[in-house]
Amino acid sequence: IVLGVREHRELKRSALLTKMQAVADYLASSRPTAVNLFWAIRRMRECAERHSAETSNAALLEVLLAEASAIHDEDRSMCHAIGRHGAKLLEDGMGVLTHCNAGGLATSEYGTALSLIYAAQDEGKQIHVYADETRPLLQGARLTTWELMQRNIDVTLICDSMAAQVMREGRVQAVVTGADRIAGNGDAANKIGTYGVALLAQAHGIPFYVAAPSSTFDLSLTNGDQIPIEQRDADEVTCGMGRRTAPEGVKVYNPAFDVTPSTLIRAIICEQGVIQPVNADRVATVLSPKNPGGSPQ
């Protein structure tokens, strides 16, 4: 939002605020599933409203930049807290499978799902990560593996279709993913393919964990059926990375996310603590304002 309006500081105040609204609406239209985006946009709007009487546009923009920086710093702290809570669930020598990207490129510094891996590494644990490629945009291959390699984490890239075999061979003892929106009962939306990984984990008796900050929870939704699922362009499937792999004119169904039922999730790790068992009562308890310090169990 700051980047979108800073070049328009010469506008009249009303026109600048109108421009900010347009930028916010444009950003909001990009990701209907990820609730954190709307939370951050709303916070920036509220900041502008609180400081609408600033004497100059330059002063208002400084306030907005400070708010954006505060969101970043708070997110960094939340990610570290998620890691501290979640690292207790990982043992030295474990194989951990992850899906899509939930590291610093997606959030801040340690990320969410990857924060468990980094925090475990900080504790001296050796973790071997198996990263799904994450079709069709390959976030796991392009982003997650790169991030883990920068931290000298032992990481092996696999195709999405290999997860079951890797589990069957006993290479994986836990699954950790992020989430884009979590309903009040713990149902969690994440990158397409996550639901299938959760089913595989259940079939092989492997715990499936979700790591996400409290801002990912949408308590206005009672269950995952109410989470909107973004539909993406067909070319992502038929012409992935610019190379055509399917015949012209073929029908394509390309949902960007799926929803993993809370019954398949062993625990959700947020900055407030570990939500286990995953149900509406436990979600409400851990996220309660009266529980600011969280409870790890």
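P277 sits in the loop between β11 (273-275) and α10 (280-287), where helices (H or I, at least four residues) and strands (E, at least two) are DSSP runs numbered from the N terminus. The peptide bond that leads from Q276 into P277 is cis, its omega being near 0 degrees. The model is predicted, with local features requiring pLDDT of at least 70 and side-chain atom pairs counting only at pLDDT 80 or more, while totals for chains, interfaces and linings use all residues. Residues are numbered from 1 along each chain as its sequence is written, and side-chain values use heavy atoms, leaving out hydrogens and water.

**Backbone exceptions**

Most residues other than glycine have a negative phi, and most peptide bonds are trans. Another cis bond runs from R135 to P136, again with omega near 0 degrees, and P136 belongs to the loop between β2 and α6.

E109 is partly exposed, with a relative accessible area of 43%, whereas T134 is buried at 0% relative accessibility; buried means under 20% relative accessible area, exposed over 50%, and partly exposed in between, using a 1.4 Å probe and protein chains only.

**Helix α6**

Helix α6 (residues 139-150) has twelve residues and spans 16 Å from its first C-alpha to its last, close to the expected 16 Å at 1.5 Å a residue, the expectation being 1.5 Å times one less than the number of residues. Its buried residues are Q139, G140, T144, T145, E147 and L148. Viewed down the axis of α6, these buried residues fall within an arc of 160 degrees, so they line one face of the helix; the arc is that of the directions from the helix axis to the C-beta atoms. They pack against β1 (95-98), α5 (113-122), β2 (128-132), β3 (154-158) and β6 (188-191), contact meaning heavy atoms within 4.5 Å. After α6 comes N152, whose phi is positive, near 60 degrees.

**The open sheet**

Four strands form an open sheet of mixed pairing in the order β8-β5-β6-β9, where two strands pair if DSSP finds at least two bridges between them. At the edges stand β8 (217-218) and β9 (257-260), each with a single partner strand, so one side of each is left without a neighbour in the sheet. Strand β5 (residues 181-183) pairs with β8 in the parallel sense over two bridges, and I182 stands opposite F217 in β8.
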